[in-house]
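User: I have a model open and want to go through it piece by piece. Can you take some questions?
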Amino acid sequence: MDNMAIYIDITKCTACRACQVACKSWHQLKAEQTRNRGSHENPPDLSAHTWNRIRYIERVKEGHISWKFFSDRCRHCDPPDCQFMADTYLEGAVIKDSSGAVIFTEKIKGIDPNEILSSCPYNIPRYDPETNMVFKCNMCIDRISYGLQPACAKVCSTGAISFGKKDDMLKLASTRINQIGGDATLYPGEGYNTLWVLPDKEMLKHI
Amino acid sequence: MTNHWIDLQNSDCILMMGSNPVKNHPISFKWVMKAKERGATLISVDPRYTRTSAKCDIFAPLRSGTDIAFLGGMIKYILDSNLYFEEYVREYTNASFLVNPDFRMPGENDGIFSGFIGTKTDEGYVDGKYDKKTWSYQTDENGLPKKDPSLKDPNCVLQLLKKHYSRYTPEVVSRITGTPKEKLLPVYEAYCKTGKPDKSGTIMYAMGWTQHTVGTQNIRTMGIIQLLLGNMGMAGGGVNALRGESNVQGSTDQGLLFHILPGYLKTPKASQQTYKDYVDQSTPKFADPMSANWWQNYAKYSASLLRELYGAEVSLDDAYTYLPKMEDADNYSWLMIFEQLYQKKISGMLAWGQNPACSGANANKTRQAMINLDWLVNVNLFDNETASFWQGPGMDPAKIKTEVFMLPCAVSFEKEGSLSNSGRWMQWRYKASEPPGEAKPDADIMSDLFFHLKELYREKGGAFPEPIQKLRWRYGPADASGKLHHVDPHLVAKEINGYFLEDKIINGRQYTKGTLVPSFLLLQSDGSTSSGNWLYCNSYTDEGNMAARRNKSDPSGIGLYGGWAWCWPLNRRIIYNRASVDKNGKPWAPEKPVIDWHLNVWRGDVPDGPWPPLAQGQKSRYPFIMLPEGVGHIFGPGLADGPFPEHYEPLESPLDRNPLSPQFVNPAVKRYDRGGDSINIRSSNDPKYPFIGTTYRQGEHWQTGVMTRWTPWLVELQPDMTVEMGSDLADELGIKNGEIVIVESSRGSLEAVAVVTIRWECFDCMGKRIHQVGLPWHYGWATTAARNYHATDKKPELFTFGDTSNLLTPNIGDANTMIPESKCFMVNVRKRS
């Protein structure tokens, strides 16, 4: 399979959270009993049942209110630190698929979950004591392998989430960064299979 | 919508005011973002900075309930700077018409228009209505309005408009709305650029405009702006109501409201005892032959409706007598129904697909009123606060006599049929799965009810059996006894379209009895055709079910997609489109033409009538075909509360007076609070309730949450009743973000989680600092953890917290529509002790 990427233009995200629900729907992840904690953001954190979560970033920028929305999820690093660590225990527990997707397989049960959790520089994977497994976004490997888009990209109505060949996604990102101007930036960088365009570098402090 | 969802992409400037489309109409933003990519300016005007504002180029805050002041200021700005599209205004509106010299406007007449008959109090006039005699044109010897095409006569509409809004200076507007002047003017400047002939601006509004005592006039104000700027009929223009349910457009089209029959025909009045009186009084007359005055066809549509209901065996005169009549001075709106119920004048209720205990204003009154019911039938997917009102908060089941029946019904995906979206598109959809258990489609439940009633009338007689006994019910295959057991939605759709009831030759062409009528142009007043809704005639023809079409091509180039589904009227995607061209039929905006006159035919969208362009004289017709005069109403004499919109304060206001005039509240509204019953209490400018409250929706829940509160993935996103407030206010009250607080009005109180935000700033109005807070209305006690669940009560997988914000809202309605004023009322917020 071609090297693919999810590309998220956060200037187009309206926080409708269809992607957050579509993720739960496709993967049949259970709902969590939450409370409103003074924010519309929910659940409070990523979990074994929440692999994609929209964060609401409210700030004052140059005297104006700025409200941005960031879809927090696996960066699908290339190469992934989690795989590097997992391979030292058990090969095949974490796979970097040819598509670019980083996949946790059932073999992950054989590894101390704390090792997996601490290996991620972005604090993404979450442990589920019920199954003794660690979970995170798998780029909808069971969709993309059959030529479908990931569920999140499929339901995005404003065009904030795209999915395609990584080279094409990088081109889209680069064009968009030029259009936005200022210090708009690619996040985390080119060595990833999830790519975000941020409208300014100050956003980095919030994600 | 005069236009449609996809057409938003064609706009040069989109004003989002009285709506929060990102949250409540999320898919609309697919098209709004496309417009933005094309270079459109996006403007958000809202009491607080919303997720919509976050995507806009310009944001301006305004105090809830002051939209007319804000937009009135824009009208003044347009006129002062000559930014209006002069040719359009002169030719396509009534701007040049001369008005009755006795007509008086609020600025010169104590805050009201001429003709008010009512009582004067220390806050202005109340308890009355307008005699509209002076709201009229000067006419010549032929009965035609006198005009001044130079638009200079002091009595012409344009000059009166100028005079009326001369009072709405930016300073005055800013003092009323609380919008700082430096935020007001950029909105005016950006929007008014669409007055150029080839530019178009549009408005996306929703309940933020309608749910006010001046709701209809809010929209009228924008209608005037759209006419002045020449935006009606244009691609990327129009006045676009974002409807609150997927099929609310369809249900309104089909006569859901009390004052209209299907196709916006009028509900008969008690004084109209004969069909002739009804038709005569419902058919507008206008002397100018250049005006199409489309409603002159009224009798064709009313006769076809009566034929659909009662068939050719009953004469039109008799069939008309079967229709219910409204008492002339009465109304039968939601607020009145619950007033009558509260007064014990109604003893039974079908709550069908509704949850009044949460959805209606002043929910405590609604809930108290239901105690007076002998019986209540709840047709719904789930138990809810209405069906279980007798076990709700503060109720003693032992003392409530009401017998409640629950009839489970199918959800939309469990039945076939059509829905009509905000853009008037009738789209057919198919059944995805069987309804569970005993649940049935609504139409089947209605059909069973009908046959049961018919049988009871047959067995036991009754005062007036004919309206039921003779009702034609051809919606499915009948058994030997004539009863049908399942309604076929295709047959219903065909009846709505209509049939020829006899062989007929029209314009030399033969039409055969029993065939479908291809267009409402062929409907007849003599009873030879039937049509359940003339506007939908052309939707299901001998060529098939138009709503089921799925052609994705767009020969128009502007996203009309004329082969996708079907749209009323006659598949016309943008109405008033004859106003999008000049007198020669050339588009004002050649880059995005809606129609254009080419080789002596119209091409593009289905034109608003086949006539040639206006330059061809008598053969042509003016563009606004639904109005008697054929031109757009800048002066609108049809409404109950004035031909020009005027700012009045909400029923409950933080101010002690109307900054513009001695008239505090819209004089033409029906006031329940003046009867003295504490259930209808009003608290305006009362230190006990110092903050403005408003209600709105969350994208994650729908209506009263009867469906979404049972959907765990959505409850997870928005579990709790909240009150959003500015950080200034929270600091003043010592409230922490995330804390549960009490919000109370003079009618009720509730608990809510405080969401403290910098997005909600304090307003400065008339030198007074005014805070506003906002509450969603989707919640109800039935799905909370704290309630008592009986063994047979279903428990939700995830609990919600809190009850509806309608516990706080006042039961006061708009002067024209009676929609409740849920968007501004006075509340207090305090810490839970």
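User: Which residues in α3(B) meet which ones in α9(B)?

Analyst: This is a predicted model. On the α3(B) side they are B:D67, B:I68, B:L71, B:G72, B:M74, B:I75 and B:I78. They meet B:Q217, B:N218, B:T221, B:M222, B:I224, B:I225 and B:L228 in α9(B).

User: How does that contact divide by class?

Analyst: The contact of α3(B) with α9(B) has nine nonpolar, four polar and one charged residues.

User: And at what angle do the axes of α3(B) and α9(B) cross?

Analyst: Roughly 15 degrees, and the axes come within 9 Å. Angles under 35 degrees count as roughly parallel, and α3(B) and α9(B) are therefore roughly parallel to each other. Their crossing is left-handed.

User: Now α6(B) and α7(B). Are they roughly parallel or roughly perpendicular to each other?

Analyst: The axes of α6(B), residues 170-177, and α7(B), residues 181-192, cross at roughly 115 degrees and come within 10 Å. The range 65 to 115 counts as roughly perpendicular, so that is the description for α6(B) and α7(B).

User: What is the handedness of the crossing of α6(B) and α7(B)?

Analyst: Right-handed.

User: Which residues make the contact there?

Analyst: α6(B) gives B:P170, B:E171, B:V173 and B:S174, and α7(B) gives B:K181, B:L184 and B:L185. By class, the contact has four nonpolar, one polar and two charged residues.

User: Switching to domains. What does the assignment give for chain B?

Analyst: Domain 1 covers 5-246 and domain 2 covers 673-831. Their C-alpha centres lie 29 Å apart.

User: How many residues of each are in contact?

Analyst: 24 residues of domain 1 of chain B are in contact with 29 residues of domain 2 of chain B.

User: Which elements supply the domain 1 side?

Analyst: At least two residues each come from α1 (21-24), β5 (124-130), α6, α8 (207-210) and α9 (215-228) of chain B. The largest share, three residues, comes from α8(B).

User: What is the class make-up of that side?

Analyst: The side of domain 1 that touches domain 2 in chain B has seven nonpolar, 12 polar and five charged residues.

User: Next, the contact between the chains. How many residues does each give?

Analyst: Chain B gives 31 residues and chain A gives 26 residues. On the side of chain B, the elements with two or more residues are α2 (28-37), α20 (712-717) and β25 (748-757). That side of chain B divides into 19 nonpolar, five polar and seven charged residues.

User: On to strands. What is the order of the three-stranded open sheet in chain B?

Analyst: The order is β13-β14-β19, with antiparallel pairing.

User: Why is one side of β13 and of β19 left without a neighbour?

Analyst: Because β13 (417-420) and β19 (566-567) of chain B stand at the edges, and each has a single partner strand.

User: How many bridges are there between β14(B) and β19(B)?

Analyst: Two, in the antiparallel sense; β14(B) is residues 425-429. B:M426 stands opposite B:W566 in β19(B).

User: Which residues does the cis bond in chain A join?

Analyst: A cis peptide bond joins A:Y187 and A:P188, with omega about -10 degrees. A:P188 is in the loop between β9 (185-187) and β10 (194-198) of chain A.

User: Staying in chain A, how many bridges join β2(A) to β3(A)?

Analyst: Nine; β2(A), residues 53-61, and β3(A), residues 64-72, run antiparallel. A:I57 has A:K68 in β3(A) as its bridge partner. The two strands form a hairpin with two residues between them.

User: Which residue in that turn has a positive phi?

Analyst: A:E62, at about 50 degrees. A:Q28 also has a positive phi of about 50 degrees, although it is not a glycine. A:Q28 lies in the loop between α1 (18-27) and β2 of chain A.

How values were computed:
Residues numbered from 1 in each chain as written. Chains lettered and ligands numbered in written order. Predicted model: local features only at pLDDT ≥ 70, side-chain atom pairs only at ≥ 80, totals over all residues. Contact = placed C-beta atoms within 7 Å. Helix = DSSP H or I, 4+ residues; strand = E, 2+ residues; numbered from the N terminus. Nonpolar A, V, L, I, M, F, W, Y, C, P; charged D, E, K, R; others polar. Axes fitted to C-alpha atoms, helices over the stretch in contact; angles between N-to-C directions. Parallel < 35°, antiparallel > 145°, perpendicular 65-115°, else oblique. Left-handed = near helix turned anticlockwise from the far one by under 90°. Domains from an automatic or database assignment. Pairing = 2+ DSSP bridges.
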